[in-house]
Number of protein chains: 4
Amino acid sequence: MTTKQLRNLKHEKLQATSSWMDPEQRVILNVGGIRHETYTHVLKKIPATRLSRLTPNLANYDSVLNEYFFDRHPGVFAMILNYYRTGKLHYPTNVCGPLFEEELEFWGLDANQVEPCCWMTYTQHRDTQDTLAVIESLDLDRDPPTEEEVAKKFGWEDDYYSHSLNWWQRTKPRLWALFDDPNSSKLAQIRSYLSVIVVLVSILSFMAKTHPYFRIPQITVIYETGVILENRRAAIGAIKDFTQPWSHFFYIDAICNVWFTFELIARLFFCPNISKFLRSPLTIIDIICTVAYYIDLLLHAILLQAGSIVTLDFLSMICVMRLFKLTQHFSGLKILIQTFKASAEELGLLVFFVLLAIVIFAALVYYAERSQLNPDNQFTSIPTGLWWSLITVSTVGFGDMVPKTWLGMVVGSVCAMMGVLTIALPVPVIVSNFSNLYSHSQARSKLPKKRRRVLQA
Amino acid sequence: MTTKQLRNLKHEKLQATSSWMDPEQRVILNVGGIRHETYTHVLKKIPATRLSRLTPNLANYDSVLNEYFFDRHPGVFAMILNYYRTGKLHYPTNVCGPLFEEELEFWGLDANQVEPCCWMTYTQHRDTQDTLAVIESLDLDRDPPTEEEVAKKFGWEDDYYSHSLNWWQRTKPRLWALFDDPNSSKLAQIRSYLSVIVVLVSILSFMAKTHPYFRIPQITVIYETGVILENRRAAIGAIKDFTQPWSHFFYIDAICNVWFTFELIARLFFCPNISKFLRSPLTIIDIICTVAYYIDLLLHAILLQAGSIVTLDFLSMICVMRLFKLTQHFSGLKILIQTFKASAEELGLLVFFVLLAIVIFAALVYYAERSQLNPDNQFTSIPTGLWWSLITVSTVGFGDMVPKTWLGMVVGSVCAMMGVLTIALPVPVIVSNFSNLYSHSQARSKLPKKRRRVLQA
Amino acid sequence: MTTKQLRNLKHEKLQATSSWMDPEQRVILNVGGIRHETYTHVLKKIPATRLSRLTPNLANYDSVLNEYFFDRHPGVFAMILNYYRTGKLHYPTNVCGPLFEEELEFWGLDANQVEPCCWMTYTQHRDTQDTLAVIESLDLDRDPPTEEEVAKKFGWEDDYYSHSLNWWQRTKPRLWALFDDPNSSKLAQIRSYLSVIVVLVSILSFMAKTHPYFRIPQITVIYETGVILENRRAAIGAIKDFTQPWSHFFYIDAICNVWFTFELIARLFFCPNISKFLRSPLTIIDIICTVAYYIDLLLHAILLQAGSIVTLDFLSMICVMRLFKLTQHFSGLKILIQTFKASAEELGLLVFFVLLAIVIFAALVYYAERSQLNPDNQFTSIPTGLWWSLITVSTVGFGDMVPKTWLGMVVGSVCAMMGVLTIALPVPVIVSNFSNLYSHSQARSKLPKKRRRVLQA
Amino acid sequence: MTTKQLRNLKHEKLQATSSWMDPEQRVILNVGGIRHETYTHVLKKIPATRLSRLTPNLANYDSVLNEYFFDRHPGVFAMILNYYRTGKLHYPTNVCGPLFEEELEFWGLDANQVEPCCWMTYTQHRDTQDTLAVIESLDLDRDPPTEEEVAKKFGWEDDYYSHSLNWWQRTKPRLWALFDDPNSSKLAQIRSYLSVIVVLVSILSFMAKTHPYFRIPQITVIYETGVILENRRAAIGAIKDFTQPWSHFFYIDAICNVWFTFELIARLFFCPNISKFLRSPLTIIDIICTVAYYIDLLLHAILLQAGSIVTLDFLSMICVMRLFKLTQHFSGLKILIQTFKASAEELGLLVFFVLLAIVIFAALVYYAERSQLNPDNQFTSIPTGLWWSLITVSTVGFGDMVPKTWLGMVVGSVCAMMGVLTIALPVPVIVSNFSNLYSHSQARSKLPKKRRRVLQA
Ligand SMILES: [K+]
Ligand SMILES: [K+]
């Protein structure tokens, strides 16, 4: 007779004398081949879970070996059983968080019961999942969509399934891909490169035409200025009223904007869903920039007619927003924007800390500089001091305003030191958000796209 | 006859010939279902522990299987037993620190015996616990207190349990909640927003009224200045004595301070425990600011009467402290303050390093700049050099003082490089304190508040 | 009858009634001594793998114990089996990545199927392998090559194996080592130190000779200047045309360049493979610098002849490239260059972010400064503003250009704050690339070079 | 008949037919209760180790169970056995490095054979041990030494053991403790505080006396200046030759130096080992400072006698070194100094990178500023440019020198960006050295000093 038979005998006797519910009764749990043992009463500690409801009537009870078989991860189960034993749920650190949570779910346990010391582990993989969802939504390097997906996007599923797509329904998606997805065809790639170039040219022209080198003074020649020169001829005066950029810039801008208008109209015409398209931030920017250009053109013509020389800075400045059109083409920029979105709270914290610091130091330096005789005092008011304290806190330190008194220097010193801390504290949180997004997107791009399926037999 | 029976036989024989205490005797420890084996003498190595006192008389000894059963985590026990084997206590890194310490406690072992290589693991979760305690104390988003808790806080337990709370005892807590807990009611939330706005308005007014744009010159017109103008009329002179802020600011300040006074009195009147309330830092700031305002008002009136024009900068500057009233409303600010509290030692280190660096470089640059003929020497003394070396060390670099000699430039170069290090070394420690506090508070806020209880059966 | 025999009986019966392929059939997998259990149908989930093809006909099937034996790591197998159970592949974090991948390979599984939550673990050790490959290629402290390796490198394997190397074939490698490998001999070490010194002297001379202290004014004395002095003698004028460096520098440069030429020719003569040698970046730099020197010398002679005083800055500036010759001697520099190579993408990101930020802020500050009456406006055009915004974004803050209007200051403040973020975001990724390379190279240098072999019995 | 008996039978048969050395023979290794199984030939793969030499003749061979028993960590053994299986040694990450190495040593394996992917794990705990050794050597908060230790330190072991210590031998250690160990007695603590105060006063006096406010002009009155005033009286002239600090400073310095001299002599007199004491860096600094003071005093007296007014800056500057006397009292400073010692290589790297960057950018900016017509060129030579490029690279940016041409601005921009990288790359390595030292010393200070001993039964 083996020891196990002996034990089974003992067990049967126990069952005869006491109920199976005897709390001091040992129970064997065969999890994936590894046998865990505990007392029955331990499993009752957490009610309404798979283990608290164990009875010998279950299919996985082996009356010969007197054990319950569960086809689960045996290592992770040690942590699960420990939760029953100690009443404290800790995450193991040798397996991935989601794997543990899947086990918790199987055993009917709640991941929220996790102990405070494991909160970070608990939230960490939730953050990872958020990060992955963001990256997924960025559509960084998507596969070419299947015909079915395309038909769905355009809302022609019915026609697609009934194989009754007409010519337009077959052509429109291709034209849309030409203007939307650079990887769809050779032509789309050329279109994409052209777009980037036109945006860059437009920005360069926008910047260059403000430079004196590229501006022509608008000179008004005035005959009979009233001044009679020595040889009795009336002087001819010249007044430099204002300067205008080279006329070349006008043509460059015109060409660029024709392209933008064409692109915008084409997209508007070929897009699968106009209302969704019009609500995308990039389209809004595009429309604003294009409209601004035409308004600028119009106003310029009117004003020239009227002889006015007022330039509308606001309208031309809108052009800079065109830079954000590059997000379509550079994944790094997409990640940057997502980082700022994901770090909204931390950015708020940074701004709040900086505001707090600069208000305090502006007030302190203002009074400090007035406390001594200080003829060169540059801190004429607290609002002026705000500029100084921000420039000091950010360690830029232009030096256009500098405290001159002893007390002011002490305030400046503390401000410089606090600046280092004020910025050093919230920035790493934002940096880690960016690193997460960036490193996960890098990891994703290194993985092969096609993945073998697991059969759900 | 099975092998186990064989072994048991052998075992019985051994027990007959030698005592159970035979050090070469093997002992089987069934921990949570997994059987660990070792020699008896190994368990004797650490005296006065659960394992060193094992005898076959214990209830958990199974004479059939010749093993001791312990209902504990089997994986962690491998580390515990290894401590007996090698005499060195190492922390496992696949389970959470507190889980391991709970096991250590069960086995009667002392966590302090940990090897130096695991000190960091040992202190890390202690730090985590400190962090969690700090976050708990911050009361970031507490649940609304139950009536019982409220009664306890106000010291009316007896009345509460005897259901004899009078009208005032029922109303006072509600009024206190109105002024203390923005989440208690809609009205409390409005009161809270109003408070924030009044504080901001008060700070903005405080800053704006120092700006020349908002100041009115106080002009004294003097008739008969003694100067007799050409047409024999006595000149009328005007002396700009000083400037005064717009009178609007007086009213803004008055309204703000009326609100602050009202709030302070209300809180004082409704608070559960006056002496505790008066000892809280926020109340002290509040009282100081309010009292300062009234003293300022009084002195101003007296001085105007006396014809004096001295402004009391110190009293108005106290207003900036009102910014700290915002800590009540922004959890980020609470975490910042806790970070500075928790990092007192590291901040001391930072200040000490910076002081050391600036004293050395101020002395060096002072002598360096005197070592050569240098007519524009700005480093007239070592104390002057302190300002320069601090501004250089913090990489702000205003440029108001710059070394002009070769030797001075070398000193400046070393100072700039050392500055990077002086600050880079202690700051990450402070940053990690902040990150810990911030990330744990973020993790806490993501967890559901209600938690299922584990039965202590 | 033991329980196992019972089970085997049951098993045989099952086999009789149903096929072995009964999906509810349990299967025992003895992996390295630890018995894992699961259902047959679980192993069928991932087709075309070692476990899905299990049949009792295999050599490792033990019909007595009814188990399959595999001589593999039992702990890692729990993760492998869990992949079959859950259909999700997670990496364990208690073993090294490559170890897990080796197990995956053995079991016929594909590491690419890894779940998104483990992507970072998956790519991390791939990055480590890339890092190690880079360090290996740096040849940081290589062992002296064997005679066989040398012969192979020079392409004389045939002669080496036939023991017919002639005098030149025995001497050339030694001479090459003298000029290439400082660790090959005492003389080679002296040669190496000499090379470093000559490079440093050449750079110092290059810098020093631009300093006014080391330059002699070239004075042309002009008799009969046309000015007649009081005492009727024609004045003698002196014109300082230009300055020339001390003639000592000419000799220093000459000596240095003779050494460089000698070294270059020697290397060219003794190198194992001329075409490969000529394509190495260091050789190209060497040739350019040496040729530039001789062209400079020639042009100088010609120009002096022609009486011209034009200095060819471009040619002398090439000398600075000599600094990169030091890479041969300092491993830190090699790591720096490899970091920049490995971080090409991140550097691109940094440049892109900075360009984006400076263009936006240059445009904003330009219009902001024009929005108010601002006589001292320094932002005359957007291109000028680019310099200011870069200097602000990088927190250098020279202070040569400073916004003067309120709006400009607001733009400047945002620019200073964004600068901190723009740079703080991509830099840590580059820093971690450097840290990886540096720490791995440090780790490698601490390991003993000779390693004991494992027999592949 | 149990399955195990069956197997044993099979085993005996196998032993009869083939030798035990049959490579396909399975072998069972019971390590701490867990049974690992492998093939005999696998254990032969790594020769000359404990497992390759296994024979049934060993004491730990159990012929009944046909297994070898080893009283070691069962989890770690899975990694050890895997080394035999795969021929690759990986570190497990769920146990501490030293624990694994102890196991490796037991099994007769060489930790140096570790795979490249685990190099970092391998070196990490070696670095930890170095860090711990450094902290140990810092003697941060040592226990009071026993009488025996004291006697040993003074070289009086013989007298101590023969209980024949005379009065001086009993008193001297106490006096030494008074001057060396602030924790030894109340008086020693007061002495220690006094020392810190005297050092600080001495440094403050040293700085303050350079300030004009604390200096008295030395005026020489000259009668009969040669100038005859209008009212025929000879003028009395006054020449401000030089300034002298207030005489109070002379007394402060004298008192401080008397204390330093007294302390130095006392230490010299009471120290346990004079030659060792004289070789300690702090004693050397102490002696230099004290001697410098007396030489300064002497020279001053002689020079005053001689009528000379030359001040010896060098001698007074030595005083700043007194700051390092504070290392005795502040553990933070000790850690800073150790960090610089431990990071010598990385500091070298930092200096090398910075030098490389500033030389290149100084040359580039020099030629860039000369490439255009630039009347305000401040970059008159490359050495001058070195100062600018260092100040730019360190992001201090004083603004005393600024490029004025387009090309110069481009160079400046690249310099500012590269500066961020040049410094950001090597600094984190130094920072991590500091963090390690600091956090380990913090961890150590939190542990209880007394530790329970493990019996080596
Ligand atoms: K600056
Ligand atoms: K700066």
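A network of salt bridges links A:Arg26, A:Glu37, B:Arg35 and B:Glu67, where a salt bridge is a side-chain nitrogen of Lys or Arg within 4 Å of a carboxyl oxygen of Asp or Glu. The model is predicted, so local features need pLDDT of at least 70 and side-chain atom pairs count only at pLDDT 80 or more, while totals for chains, interfaces and linings use all residues. Residues are numbered from 1 along each chain as its sequence is written, chains are lettered from A and ligands numbered from 1 in the order in which they are written, and side-chain values use heavy atoms, with hydrogens and water left out.

**Salt bridges within a chain**

- Over all chains, a search of the whole structure finds 48 salt bridges; in general terms, side chains of opposite charge can pair when their charged atoms come close.
- A:Arg126 forms a salt bridge with A:Glu101, with 3.0 Å between the closest N and O atoms. A:Arg126 lies in helix H5 (residues 119-138) of chain A and A:Glu101 in helix H4 (residues 97-106) of chain A, so the pair ties together parts that are 25 residues apart in sequence; helices (H or I, at least four residues) and strands (E, at least two) are DSSP runs, numbered from the N terminus.
- A:Arg126 counts as partly exposed at 28% relative accessibility, whereas A:Glu101 counts as buried at 16%; buried means under 20% relative accessible area, exposed over 50% and partly exposed in between, with a 1.4 Å probe and protein chains only.
- A:Asp253 forms a salt bridge with A:Lys209, the closest N and O atoms lying 2.4 Å apart. This pair links distant parts of the chain, 44 residues apart, with A:Asp253 in helix H10 (residues 247-270) of chain A and A:Lys209 in the loop between helix H9 (186-208) and strand S5 (215-222) of chain A.
- A:Asp253 is buried, with a relative accessible area of 12%, and A:Lys209 is buried, with a relative accessible area of 19%.
- In chain D, D:Glu263 and D:Lys325 form a salt bridge in which the closest N and O atoms are 3.5 Å apart; D:Glu263 counts as buried at 2% relative accessibility, and D:Lys325 counts as buried at 6%.

**Interface of chain A and chain B**

- In chain A, 90 residues are in contact with 82 residues of chain B, contact meaning heavy atoms within 4.5 Å.
- Between the two chains about 7,300 Å² is buried, of which carbon and sulfur atoms give 69%; buried area is the accessible area (1.4 Å probe) that two parts lose on being put together, summed over both.
- The rule finds 3 salt bridges across this interface, and the side chains of A:Arg85 and B:Asp71 meet in a salt bridge at 2.7 Å, N to O.
- On the side of chain A that touches chain B, helix H15 (residues 344-370) of chain A gives the largest share, 13 residues.

**Potassium ions**

- The potassium ion (ligand 2) is 3.3 Å from the potassium ion (ligand 1), and A:Val396 coordinates both.
- C:Thr395 and D:Thr395 are buried.

Methods. Donors are N, O and S atoms within 2.8 Å of the metal (3.2 Å for Na, K and Ca); water is not among the atoms, so sites may look incomplete.
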